[in-house]
Amino acid sequence: MAAERSGADILDAAVRVREAARRVASGASGVDTVLAALSEVMEYDHASLTRWDPLRRRHSTLAGSYPDDATAYIETRLHRDPVFPVLHSPARGGLWLRDVPRQLLAASPGFQEVLCPLGIEDGVAQCLFAADGRYVGMLNVSTRRQRRTPDPARAAVTLLTEALAATVTPHAGPPAGESAAADPAADPRRPGGLSPRELQVLAELTSGRTNREIAERLHITPRTVGTHIEHILAKLDLPNRAAAAARAASWGIEPSR
């Protein structure tokens, strides 16, 4: 059995995770390097970093070591698991397995059908949020042995959530030749520099609606919808409405219910 790492060792390892996350955000390396660095913060048997896709209403695995059936659960069913509302909070610093009430574990298909067969005894699920509060993805880490108490890795994982969120957040960079500061998408109040009405139309595109259907929902004419779409494509420098819908999904923009 490997010796337990000291608090100082874990903090040093956390710094390396942040450095790996910066390289991923700059496009210099892959997400798997972040999970490799994270293994120095806390040893694990399985781990994954996933991105939330608001258009498809599912997670997509960017890097991970879970078996296929566990990965499929994380991607398509975890967000409907009874445990998910408990951990889906920007204020929570991760939900560790040993802290989940027994009655909740008994009602969780994820625990009963996925983790138990793998012999998982400990680990953490950490929801990740962008700076503007959007839910962008998740870290899952599982081990087959219980960790010591108190566990200095808990604080380290909490401190790393901002870096991990940046790792999974889609980045719509500025057009070639423009600086990041000039990117209008940097303002969460006016993504892409779009007007409020253009944002409404953009949101409707994520549902695949026609101009006529959008017009009926927004109480405007189909011709006006078409004009708004032309302006959206021009402002965002995108080739078609499918690309606009994908951009909206990456920003977490959805149509009103």
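Leaving aside its neighbours within four places in sequence, with which residues is Thr169 in contact? In this predicted model, Thr169 is in contact with Arg51, Arg134 and Val136 once those neighbours are set aside.

**Overall features**
- The protein chain contains twelve helices and five strands.
- Of its 257 residues, 44% are buried.
- The chain exposes about 13100 Å², and carbon and sulfur atoms supply 53% of this area.
- Among contacts between residues at least 6 apart in sequence, 62% join residues at least 24 apart.

- In soluble globular proteins, nonpolar side chains tend to be buried together.
- The largest nonpolar core has 32 residues, of which Val17, Val34, Leu38, Val41, Leu49, Leu139 and Leu164 touch the most other members.
- Elements that each supply at least two residues of this core include α2 (32–38), β1 (46–53) and β5 (135–143).
- The largest share of this core, seven residues, comes from α1.
- Apart from this core lies another, of 24 residues, among them Tyr66, Leu78, Leu87 and Leu105.
- Not counting residues up to four places away in sequence, Leu38 touches Val17, Tyr44, Leu139, Val141 and Leu160.

**The setting of Thr169**
- Thr169 lies in the loop between α8 and α9 (196–205).
- Thr169 counts as buried because its relative accessibility is 9%, and buried means under 20%.
- The side chain of Thr169 reaches the backbone oxygen of Ala165 at 2.5 Å.

Conventions. Residues are numbered from 1 along each chain as its sequence is written. This is a predicted model: local features need pLDDT of at least 70, side-chain atom pairs count only at pLDDT 80 or more; totals for chains, interfaces and linings use all residues. Side-chain values use heavy atoms; hydrogens and water are left out. Helices (H or I, at least four residues) and strands (E, at least two) are DSSP runs, numbered from the N terminus. Buried means under 20% relative accessible area, exposed over 50%, partly exposed in between (1.4 Å probe, protein chains only). Contact means heavy atoms within 4.5 Å. Accessible areas come from the Shrake-Rupley method with a 1.4 Å probe; for residues, only the protein chains shown count as cover. A nonpolar core is a set of buried Ala, Val, Leu, Ile, Met, Phe, Trp, Tyr and Cys residues joined through side-chain atoms within 4.5 Å. A polar contact is a pair of N or O atoms within 3.5 Å; within protein, one must be able to donate a hydrogen and the other to accept it, and residues adjacent in sequence count only if both atoms are side-chain atoms.
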